Amino acid sequence: MNQMTTQKKKIYFVGMHESALEMARGRLVFLGGLFVICFIVVLARSIDLAVIQGNSYQIQKDYMQISQKSDVLRGDIVDRNGVLIGRSLSFLSLYADPKLVREPRELTRDIKNIFPALLEEEALKKLQSNKRFVWVKRNITPQQQEEVLKLGHPAIGFKKDTRRTYPHGNLLSHIVGASGSDGQGLSGIESSFDDFLAQGKDLELTIDARIQHALKREIAGAIDKYEAVGGAGIVMNVQNGELLALTSLPDYDLHSYAEAEKSEIFNKTSLGVYELGSIFKIFTTAKYLEDRNNALSDSFDTREPIKVGRFQIKDYHPEDRVLSVPEIFIHSSNIGTALMAQKIGSEKFKDFYDDLGLLQKPDFDLPEVGSPLIPDPWREVSTLTASYGHGIAVSPLQLVRAVASVVNGGKLVMPTLVKQMVEGKSALDERVVSKETAHRVRQMMRLTVTQGTGSKAEVEGFLVGGKTGTAEKPGKGGYQDQKLISSFLGVFPMNKPEYAVFIMLDEPKGTKETYGYATGGWVAAPAVSKVITSMISIMGLKPSKDTHRFDQEVEALLPQDSLKDKQQIAQGIL
């Protein structure tokens, strides 16, 4: 009996032990299975995040960066008087998450009903994409937002957005430049000062919108009158390099940058380089006087053309006589100027052009800057032709800067469009010529207006001086005598110079009024005179003092028999 009881107890305990083991084994299997399921879920989610939705998250991240940037409105651009030129405005834009769109065609039709101008195929393509964020319509009105909300579609929503607006349209297109749909600068000041503006900082330009308007008006009028293919103009303060106006025509509306033609976007003032002709005689004359202690009485025989190899240097309107330095200047003699360059010597002559910034790409506030085209190698004939502005091509910006650096008393200036940059860039202590040489050059520039080829630039009481420039455009087979670059650079007042005004016309055509001539003195000088007259009114400028005495001193540089009276000049004899 006891043995049987003991045996039953053993069987009972063994059964309990086996049952406990089975229960523990079951729990372990359950926990193991649960762990495997959890692992599979986590692994699947990781693959989804890393592979399937990786691009989507990057897109959302990119949008968040754009959204964060747009929280700070891009800074304003204003002119020197605080006139608004460019500003960013806040508005709403419609976006969609294509992953949540079940019926893209139906949603496209619904959106099209609200936005009739929407390109349906383009919108459908966006809604059928695998992206998680697409713009559907930028810059919507509150009324349009209300209509979209009525659709009640979970795949579409609204985001705060900004748009750049330019109150003056195309008035300053080549200065300001354009910006993209997300606010980034694409050209002009918008591009070169992109980071500065993106921080919400306002940018003040040296430009005067009123003078800009006057300059553009006169260039456009001259283009129309003389049937030119384009034109350009610059107004600069010769003392500090501030640009008060800068115009290139044709131009474009800043709100329609994507639709603009290449010829409209191209900036002729800083990117285009041209052979600008006789205005270069300012530099040759300055260097000659600088090296020879202002030897105004030196004379040169201009009766015969200069022959260099197969080249011949001739005068457009030959005087056929011996000319003094001032006479060479006011009659714009190529022969006389080339002979002066020969006296200077090629090495010194080229170095002087380099000192004036004519042989390198200029440092400027716009990204659209052209490099000059210079002879390579530079031979003796290069010196002779470059002395009167042929065989060397520079931008109008380079030319005006170089002239300003001579006439302002001989101090090199740096052109600038931005007020914040004026102190750092214009205060250069580099002298290119002496004060005496600068004074003599100014006197001869005044003679060009009172006695020479620039008579039509005169503005009574303001001592305008200047130099004409006329050059044939290079083309296939050589220079084209019917296609000219005609220009005039005026400076005033010549007794104490403050402003330079440059106007260039591309391929102007002569008229009955100009006796068929399309030279700088006929087609560009009158426009410069009109711009100066407008500046006098706009800026409240006062007439120069002692104009009569200054002109008497200037006329004393010429022999009495070479002085022309005003009637002869008006009749177009010069």
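Tutor: We may begin with the contacts of this predicted model. Of the contacts in the protein with a separation of 6 or more, 71% are accounted for by residues 24 or more positions apart. The protein has 22 helices and 14 strands.

Student: How much of the protein is buried?

Tutor: Buried residues make up 50% of the 574 residues. The accessible surface comes to about 28,300 Å², and carbon and sulfur atoms hold 52% of that surface.

Student: Why is Gly 389 called buried?

Tutor: Buried means under 20% relative accessible area. Gly 389 has a relative accessible area of 0%, so the term applies. This glycine lies in the loop between α15 (380–386) and α16 (396–407).

Student: Which residues does Gly 389 touch, leaving aside those up to four places away in sequence?

Tutor: Gly 389 touches Glu 275, Leu 276, Gly 277 and Phe 280.

Student: What makes the pairing of Asp 291 with Lys 348 a salt bridge?

Tutor: The criterion is a side-chain nitrogen of Lys or Arg within 4 Å of a carboxyl oxygen of Asp or Glu. The closest N and O atoms of Asp 291 and Lys 348 are 3.3 Å apart, and the pair forms a salt bridge. The pair links distant parts of the chain: Asp 291 is in helix α11 (residues 281–291) and Lys 348 in helix α14 (residues 346–355), 57 residues apart.

Student: Are these two residues buried, partly exposed or exposed?

Tutor: Partly exposed lies between the 20% limit for buried and the 50% limit for exposed. Asp 291 has a relative accessible area of 30% and is therefore partly exposed. Lys 348, with 42%, is also partly exposed.

Student: How do you know that Glu 436 and Arg 440 form a salt bridge, and where do they lie?

Tutor: Their closest N and O atoms are 3.3 Å apart, and the cut-off is 4 Å. Both residues lie in helix α18, four residues apart, about one turn of the helix. At 38% relative accessibility, Glu 436 counts as partly exposed, and so does Arg 440 at 22%.

Student: Is Glu 507 buried or exposed?

Tutor: Glu 507 has 15% relative accessibility and therefore counts as buried, the limit being under 20%. Glu 507 forms a salt bridge with Lys 473, with the closest N and O atoms 2.8 Å apart. That pair links distant parts of the chain: Glu 507 is in the loop between β14 and α19, and Lys 473 is in strand β12 (residues 465–475), 34 residues apart.

Student: How many salt bridges does a search of the whole structure find?

Tutor: The search finds 25 salt bridges. Arg 74, Arg 164, Glu 190 and Asp 194 are linked in a network of such bridges.

Student: Which residues form the nonpolar patch on the surface?

Tutor: Tyr 316, Tyr 515 and Tyr 517 form that patch, with about 370 Å² of accessible area together. Tyr 517 counts as partly exposed at 31% relative accessibility, and the patch cut-off is over 30%.

Definitions and conventions
Residues numbered from 1 in each chain as written. Predicted model: local features only at pLDDT ≥ 70, side-chain atom pairs only at ≥ 80, totals over all residues. Heavy atoms only, no water. Patch = residues over 30% accessible without salt bridge, like charges linked within 9 Å, V, L, I, M, F, W, Y side chains within 5 Å. Areas by Shrake-Rupley, 256 points an atom, 1.4 Å probe, with all protein chains shown as cover. Buried < 20%, exposed > 50% of the residue type's maximum accessible area, 1.4 Å probe, protein only. Helix = DSSP H or I, 4+ residues; strand = E, 2+ residues; numbered from the N terminus. Contact = heavy atoms within 4.5 Å.
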